[in-house]
Amino acid sequence: MHDGTGRIVVQNLTKQFGPVAAVQNLSFTVEPGSVTGFLGPNGAGKTTTLRMLLGLVTPTAGTGLINGRPFAQLGNPARVVGAVLEAQGFHPKRTARNHLRVYAAAIGVPDSRADQVLQLVGLGAAADRNAGGFSLGMKQRLALATALLGDPQILVLDEPANGLDPEGIAWLRTFLQSYARSGRTVLISSHLLAEVEQTVDQVVIVSRGQTMYQGSLDQLRGRQQGRVLVQPSDTGALVAALREDGVAAIEQLPDGRIAVTGVAAKQVADTALKAGVSVYGIQEEKADLERLFFQLTSGQYAAPGQYAQPVAYQQQPPPGYQQQYQAPPQGYQQQPGYQQPYQQQPGYQQPPQDYQHYQPPAPGYETPPPGSQQPAQDNPYGRQSGQDGLGGGA
Ligand SMILES: Nc1ncnc2c1ncn2[C@@H]1O[C@H](COP(=O)(O)OP(=O)(O)OP(=O)(O)O)[C@@H](O)[C@H]1O
């Protein structure tokens with residue numbers, strides 16, 4: 001029997017695909033009650049890690065434990081973990097409701113649960129539409145609905161924001177935060193920090209199959225000191241003067257400025273004045289999470305020298321080109337009734353303010369006894385031959 005903590009523990013997990021070291025000695029812990037982002041560039045090993053955690057790929061070494069157990073020993077996995085690895089594989093001619101009913105039957109929950117989860121993900125109005133006609137964002141919602149069928153304690157989602165429009169991303173954020181606030185565990189992967197920055201509380205950052213950082217986003221921000229960006233008349237003279245004053249963290253930027261870390265703008269200006277160097281511009285730059293993420297994860301693809309620098313994009317319009325957009329004239333007033341370009345789509349409902357626990361089962365529905373094993377064919381997370389998502393595949 002699992003320990004019911006909702007904790008995910010990855011210990012020294014390693015996966016070698018022939019010559020490819022997809023995951024190398026990866027360790028991290030995911031706690032309940034918060035949304036954890038599993039972040040890293042393309043090919044960093046995120047999906048492989050999640051697949052090992054969910055029993056779909058056998059680790060070369062190490063373990064991935066959910067509630068203190070390997071996935072295969074959870075007993076009733078659909079009630080413990082809801083997972084979406086890929087929002088694909090729905091039967092195109094099957095309605096959303098029928099797709100969910102198939103899975104509901106497989107894990108032993110009543111048909112009525114299909115409509116509950118459709119409401120939860122805002123697809124209530126699309127229940128009778130065939131999944132084949134769904135947009136990518138709707139498929140993401142349907143995959144999430146499938147993962148929610150068993151009212152799981154833990155949600156594991158691989159790149160859940162893929163294909164979602166801004167409204168969908170905002171909806172997902174509210175939903176996942178509400179789910180976590182109800183004491184559950186949420187682990188989501190992404191290759192874009194900016195995409196999940198407002199959603200996650202904790203992050204695990206991986207690069208080249210290894211953990212680069214684990215902790216809160218706030219702590220990560222704290223690790224990055226602000227910089228002073230300065231445009232001097234004589235770079236060499238200012239750098240020498242700063243070094244004389246004991247300032248070592250100086251970086252030459254491609255645009256000719258220098259970036260000085262760990263000092264205030266006033267100190268840099270005073271040093272420049274003392275050294276007789278004119279300052280044409282000086283600016284304090286706050287910690288930039290995206291830059292830190294990039295520093296932590298750079299090197300995933302070591303570019304050969306000749307490709308290291310992209311050719312600069314030609315910013316200037318060609319001669320004779322007329323700029324089409326004209327700024328509004330001075331004194332322009334925003335018109336009453338002016339609509340923002342993005343409008344809420346009809347048919348999407350707001351997520352619940354606080355995630356409601358699964359409604360009591362319908363009469364006749366029996367919770368399996370603790371520790372009971374689902375029959376193999378009832379396990380929607382069972383090893384599949386394809387690369388389909390868990391709970392999202394058909
Ligand atoms: N079945 C496989 N056979 C061989 N190599 C694989 C297999 N699955 C993954 N890999 C390799 O392992 C590495 C990690 O891949 P993985 O899909 O886990 O990364 P990821 O972080 O999820 O990337 P992305 O953000 O692009 O989805 C990559 O080099 C990938 O090509």
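The following legends describe close-up views of a predicted model. Local features require pLDDT of at least 70 and side-chain atom pairs count only at pLDDT 80 or more, whereas totals for chains, interfaces and linings use all residues. Residues are numbered from 1 along each chain as its sequence is written, and side-chain values use heavy atoms, with hydrogens and water left out.

**View 1. Strand 8 with its partners, strand 3 and strand 9**. Helices (H or I, at least four residues) and strands (E, at least two) are DSSP runs, numbered from the N terminus. Two strands count as paired if DSSP finds at least two bridges between them. Buried denotes under 20% relative accessible area, exposed over 50%, and partly exposed the range in between (1.4 Å probe, protein chains only). Strand 3 (residues 35-39) pairs with strand 8 in the parallel sense over 4 bridges, and Gly37 stands opposite Val203. Strand 9 (residues 210-216) runs antiparallel to strand 8, to which 6 bridges join it; here Ser207 stands opposite Gln210. The hairpin of strand 8 and strand 9 has 2 residues between the strands, and in it Arg208 takes a positive phi near 50 degrees.

**View 2. The open sheet of order 2-1-4**. Three strands form this sheet, with antiparallel pairing. Strand 2 and strand 4 (61-66) stand at the edges with a single partner strand each, so one side of each is left without a neighbour in the sheet. From one strand to the next, the twist averages 20 degrees. Strand 1 (residues 8-17) pairs with strand 2 in the antiparallel sense over 7 bridges, and Phe17 stands opposite Val20. Helix 1 (residues 46-53) lies across strand 1, strand 2 and strand 4, at about 115 degrees to strand 1. Axes are lines fitted to C-alpha atoms, for helices over the stretch in contact, and angles run from 0 to 180 degrees between N-to-C directions.

**View 3. Ala21 and Asn25 in strand 2**. Strand 2 comprises residues 20-30 and includes Ala21, which is partly exposed, with a relative accessible area of 30%. Leaving aside residues up to four places away in sequence, Ala21 touches Lys15 and Gln16, where contact means heavy atoms within 4.5 Å. Ala21 and Arg208 lie 187 residues apart in sequence, yet 8.1 Å apart in space, C-alpha to C-alpha. Asn25 has a phi near 55 degrees, a positive value in a residue other than glycine.

**View 4. The packing of helix 3 and helix 5**. Helix 3 (residues 96-107) and helix 5 (residues 136-148) pack at an angle of about 30 degrees, their axes being 10 Å apart. The two helices are therefore roughly parallel to each other (angles under 35 degrees; over 145 is roughly antiparallel, 65 to 115 roughly perpendicular and the rest oblique). Ala96, His99, Leu100 and Tyr103 of helix 3 make the contact with Leu142, Ala145 and Thr146 of helix 5. These residues divide into 5 nonpolar, 2 polar and no charged. Nonpolar covers Ala, Val, Leu, Ile, Met, Phe, Trp, Tyr, Cys and Pro, charged covers Asp, Glu, Lys and Arg, and polar covers the others, Gly among them.

**View 5. Asp151 in the loop between helix 5 and strand 6 (154-158)**. Asp151 has a positive phi of about 50 degrees although it is not a glycine. Asp151 is buried, with a relative accessible area of 15%.
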